[in-house]
Amino acid sequence: MKRRVFCPREIIFSSTTACNLQCEHCFVNRNPKKLDINEACDFLDRCAQGGTIEKVGFSGGEPFLYMDFLLELTKATISHDLLFDQIMTNGDWWQDEQDLRNKLQSLYDAGYDGKIGLSWDTYHGQSTERMLIFIKTVQEIFGKGSINIQTVEETPSLRGALRRGNPHSWIASPSARNDVKVYTLPRTYPGDDPKGWQARNWFREDYCQGPGNIFYVHADGNIAPCCGFANENPALFIGNIRDSFEKIMQNAAQNKMVQLCFTKGLSSYRRFKKFPGKTSDICTFCDYLCKNI
């Protein structure tokens, strides 16, 4: 059987903790921080030479509040012939339609050809009209199939907007709606929240292949091995943006949580300790272990 190991294939830059929204379910540390553009480009250079990195993505905070970073890292990614994954955004950061169009166009002109991932649900509290304008503008600039929606506990207003549409808007077109994939995600709770421990069954072990095998670069420069909701924990940090690719991989090999997540499997720890209940969310379980072992 092939040995399971941590093998990063993607870098996700969480370029800033700044955000125009304050969502109840968000775990991001809101202390104002920004990644240095030159340090991020240097880090990308080192990782591109490491041999395993294939893609680059962007998260936050709200990444569109740090446009200089998006534009410069887009150019750097292209210079290394790497692929783009997606930019996760709340889609509500723009002042007016001209501001929206100008910034999206500048990103397109810089060479970005990945996906735009729109977080849209009750927790974000966006206006349906503004979200439809955002989707329409993204499709006009980047093309059909360029945007997806990721929603936590899909809301009636979102379902209605995507299925019925406004007769006076783009969303009324069935072909336009079919080009927007919607991914409904369960809400993740911190490991110390009782609501995260009320499941009937334990999570399914996947050795963190879903959110893992990533260098997730936080806005303070610390690096985690996944984009899961537990990655704010220092127990998962495997280095800093100033470290070499080799140093980060050495740290990962010696990190107890990384070995548990990617090699032994988090479910292997269940027999050693009594837990507050059962959780079907692997990130809730990981967050609990990060804080308690």
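Beyond residues up to four places away in sequence, threonine 52 touches Cys7, Pro8, Arg9 and Phe245, contact meaning heavy atoms within 4.5 Å. The model is predicted, so local features need pLDDT of at least 70 and side-chain atom pairs count only at pLDDT 80 or more, while totals for chains, interfaces and linings use all residues. Residues are numbered from 1 along each chain as its sequence is written, and side-chain values use heavy atoms, with hydrogens and water left out.

Threonine 52 lies in the loop between helix H1 (37-48) and strand S2 (55-59); helices (H or I, at least four residues) and strands (E, at least two) are DSSP runs numbered from the N terminus. Its side chain reaches the backbone oxygen of proline 8 at 2.7 Å.

The table lists relative accessible areas; buried means under 20%, exposed over 50% and partly exposed in between (1.4 Å probe, protein chains only).

| Residue | Relative accessibility | Class |
|---|---|---|
| Threonine 52 | 18% | buried |
| Cysteine 19 | 26% | partly exposed |
| Cysteine 283 | 13% | buried |

The structure holds 0 disulfides, a disulfide being a pair of cysteine sulfur atoms within 2.5 Å. For cysteine 283, the closest cysteine sulfur belongs to cysteine 226 and is 6.4 Å away, which is too far for a bond.

The axes of helix H3 (residues 97-110) and helix H4 (residues 128-142) come within 10 Å and cross at roughly 35°; axes are lines fitted to C-alpha atoms, for helices over the stretch in contact, with angles from 0 to 180 degrees between N-to-C directions. Residues of this contact include Leu100 and Leu104 of H3 and Phe134 and Val138 of H4.

Technical notes
A polar contact is a pair of N or O atoms within 3.5 Å; within protein, one must be able to donate a hydrogen and the other to accept it, and residues adjacent in sequence count only if both atoms are side-chain atoms.
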